[in-house]
Amino acid sequence: FLNLQMSPAALDVNVHPAKLEVKFAREREVFSAVYHSVCTALDALQELEAMRRAARPQEDNVTAQQQRLEVQAEEKQESRPVLTTRAYTPAIVDENGKVVDGSIAELRAIDVNGKSEWITIRGYDQTKPVILFLAGGPGGTQLAATRIELAELEKYFVVVNWDQPGSGKSFHAMNYKDITVDTYIEDGIAVTEYLRGRFGQDKIYLIGESWGSALAIMLAKEKPEYYGGVIGTGQTVAFREMEEMDYNKAIEILESKGDTDKLEKLREQGAPWYYEGNIAMKSNAYLGVLSDEMATNPNISNAGYNTFEEMFGSEYGIRDSFDYLLALLKTFNVVYPQLEEIDLRETHNQLEVPVYFFEGAYDINAPLYIAEDYYEMLECPKKEWVLFEHSGHSPWKNEKSKFVEETIRVFSDGCE
């Protein structure tokens, strides 16, 4: 059990029979506390299990073969989700609650280069163009988030969301310690090939957010013939430069607020780049400051968080919800050091696919000037800069109606 204690003033206590959730005034801080507590507890359990195995007495009369069989059976039992609920993605229904004819709403695991990875497929019409949404991270999952925030897009496209290896429902697809940037590219191409075959469409459309926006560019570079267009939102370009700017921006914000405790901790850990230790928590120390700043910026629409609604969405069983958190820690720690030298301005400045930059005017997580620099030098068949004037790092959440409208507009040429 997880015991949360906080002031009643921090809760929305407007109780009503139709109320399905409780809102927190400062959800980011609650999420960070839960995230840290769960990850710490899981780490402790893993250490205890390792100690238990090391201390297990070996019986002299048990043969080596019998020992192997026992270990295999034990590992099989331990790998089985003990806590689970039936995960599903809701059917697409009309105003009368009836399933729309010809619609599709699937949550399924597919074979991706010999691994079992999860996707959602949602749309009012299975014959519509297919969009593949690439979540942020690395280690992030947004199966429920896209369904909640971009439901309107499902009327015009078949929207597919992929839990990348080491994230969400795909956390156990492979040993997270073996994940590389090339793993994401190879698996992204394989998922694309599955969608092309499944829906009989030559071109798939990509939407990538944050880390996913860089991955989308990489996929388009690798197999341009597979893609009809790319939308990058919260576009990441040069990771080291971005992280250093984020750290310095957090210092600036904390200094202006006189938050000496956080300032001291942030300065003590030092500026990025990080190569060891709990990298995810070090990164969160300054990115959390930026997120809180954007969440309270009156110029940003829908600036709050729906973390718990997304984390416990119907697409996730109980075990998945824990993996949701675990991936943000474990996978991020492994992949982050690999991103240091990536700069799309140097390696991906020529593409054969149209690229659209959907950028929030108040994004302080992925500084606009880096994306603007990349946009100016990028050579491709068509490019466009679309500014969301009331958005931060997540225009697809902050201004979702405009995001859907602009997606329909920019992808319409290739869809005709």
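**Close-up 1. Lys-115 forms a salt bridge with Glu-117.** The closest N and O atoms of Lys-115 and Glu-117 are 4.0 Å apart. The model shown here and in the other views is predicted. Lys-115 has a relative accessible area of 14% and is buried. Glu-117 is buried too, at 0% relative accessibility. Buried here means under 20% relative accessible area. By the rule used for these pairs, the count comes to 21 salt bridges.

**Close-up 2. Arg-122 and Glu-154 join in a salt bridge.** Their side chains meet at 2.8 Å, N to O. Arg-122 belongs to strand 2 (residues 115-123). Glu-154 sits in the loop between helix 3 (143-149) and strand 4 (158-162). The pair therefore ties together parts that are 32 residues apart in sequence. Arg-122 and Glu-154 are both buried.

**Close-up 3. Lys-155 pairs with Glu-152 in a salt bridge.** The N to O distance between these side chains is 3.3 Å. Lys-155 is partly exposed, with a relative accessible area of 37%. Glu-152 also counts as partly exposed, at 36% relative accessibility.

**Close-up 4. Four residues form a network of salt bridges.** The linked residues are Glu-241, Asp-343, Arg-345 and Asp-373.

**Close-up 5. Strand 3 is mostly covered.** The strand spans residues 130-134, and five of its five residues are buried. Val-130, Leu-132 and Leu-134 point one way from strand 3. Ile-131 and Phe-133 point the other way. Strand 3 runs parallel to strand 4, and five bridges join the two.

**Close-up 6. Helix 6 packs against helix 8.** Helix 6 covers residues 239-257 and helix 8 covers residues 279-295. The angle between them is about 60°, and their axes lie 9 Å apart. The crossing is left-handed. From helix 6, the contact takes in Glu-243, Asp-246, Tyr-247, Lys-249, Ala-250, Ile-253, Leu-254 and Lys-257. From helix 8, Ser-283, Tyr-286, Leu-287, Val-289, Leu-290 and Glu-293 take part. Eight residues of this contact are nonpolar, one is polar and five are charged.

Note on methods: Residues numbered from 1 in each chain as written. Predicted model: local features only at pLDDT ≥ 70, side-chain atom pairs only at ≥ 80, totals over all residues. Heavy atoms only, no water. Axes fitted to C-alpha atoms, helices over the stretch in contact; angles between N-to-C directions. Helix = DSSP H or I, 4+ residues; strand = E, 2+ residues; numbered from the N terminus. Left-handed = near helix turned anticlockwise from the far one by under 90°. Contact = heavy atoms within 4.5 Å. Nonpolar A, V, L, I, M, F, W, Y, C, P; charged D, E, K, R; others polar. Buried < 20%, exposed > 50% of the residue type's maximum accessible area, 1.4 Å probe, protein only. Pairing = 2+ DSSP bridges.
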